[in-house]
Amino acid sequence: MSVRVLIVDDRPSARAGLVLLVNAEDDLEAVGQVGSEAEAAAAARTLEPDIVVLDSSLWTNGDDDIMEGLLREHAGLRVVVLSVQDEPQPAREAFDRGASGYVLKQALEAELVPAIREVAAGGRYVHPELGARLIAAEQRRAEHLLSDREREVLSLLAFGHTNQEIAQKLFISVRTVEAHRTHIMQKLRLSTRAELVRYALDVGLLET
């Protein structure tokens, strides 16, 4: 079955180009193209896309977050953001808000199709060079925000150790481990263990 793609961009000419790019692939199908938040919400309900390709200008404008609204309403839907901003901060913000892919418009023709396929398969996509800078920025952020002990606890948690196991390894109490875990989650704005593991993977804590 083809991956169903909804294009969301406020420029008709850009939407037409994206549709052509997607429909040129046998395993992808552009099931719709819309130019506003309201149209995107309605189209997602009726067309049931697997992937939404969302222009960042629509996502970042206005008080409502179109991406968070779509993801909240449609379980399993995944979003690929298109942007001209090739800096780590906007990419990090997109991923924090729920995006699974971040494609630079400067490399659109080469990157969009691989990004859609990667995201549809359950992965995440970002341009390799930007991804490397994003990881470096996250490492600096973790080093700035977390104490040495918190980084140790984060690494052990990400590797799947229980609070009791971490307490034994670090010669501290379980209550202290729980306190460190709470502080880590708060500082990194994480809410689940899955997010914690993803963060640790992103910053290279699981490479050893």
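Rings of Phe, Tyr and Trp (its six-membered ring) count as an aromatic pair if their centres lie within 6.5 Å. By that criterion, a search of the whole structure finds zero aromatic pairs. The model is predicted, so local features need pLDDT of at least 70 and side-chain atom pairs count only at pLDDT 80 or more, while totals for chains, interfaces and linings use all residues. Residues are numbered from 1 along each chain as its sequence is written, and side-chain values use heavy atoms, without hydrogens and water.

One ring does have a charge over it: the charged end of Arg 124 lies 4.6 Å from the centre of the Phe 95 ring. The term requires NZ of Lys or CZ of Arg within 6 Å of the ring centre and within 35 degrees of the ring normal.

Helix H1 (residues 12-23) and helix H6 (residues 108-120) have axes that come within 10 Å and cross at roughly 60°. H1 is therefore oblique to H6. Contact (heavy atoms within 4.5 Å) involves Leu 18, Leu 21 and Val 22 of H1, and Leu 108, Glu 109, Leu 112, Val 113 and Ile 116 of H6. These residues divide into seven nonpolar, no polar and one charged.

Helix H8 (residues 148-158) packs on helix H11 (residues 193-202) at an angle of about 110°, with the axes 9 Å apart. H8 is therefore roughly perpendicular to H11 (65 to 115 degrees). Leu 154, Leu 157 and Ala 158 of H8 meet Arg 193, Leu 196, Val 197, Tyr 199 and Ala 200 of H11.

Terms used:
Rings of Phe, Tyr and Trp (its six-membered ring) pair if their centres lie within 6.5 Å; planes under 30 degrees apart count as stacked, over 60 as edge-to-face and the rest as tilted. Axes are lines fitted to C-alpha atoms, for helices over the stretch in contact, and angles run from 0 to 180 degrees between N-to-C directions. Helices (H or I, at least four residues) and strands (E, at least two) are DSSP runs, numbered from the N terminus. Angles under 35 degrees count as roughly parallel, over 145 as roughly antiparallel, 65 to 115 as roughly perpendicular and the rest as oblique. Ala, Val, Leu, Ile, Met, Phe, Trp, Tyr, Cys and Pro count as nonpolar, Asp, Glu, Lys and Arg as charged, and the others, Gly among them, as polar.
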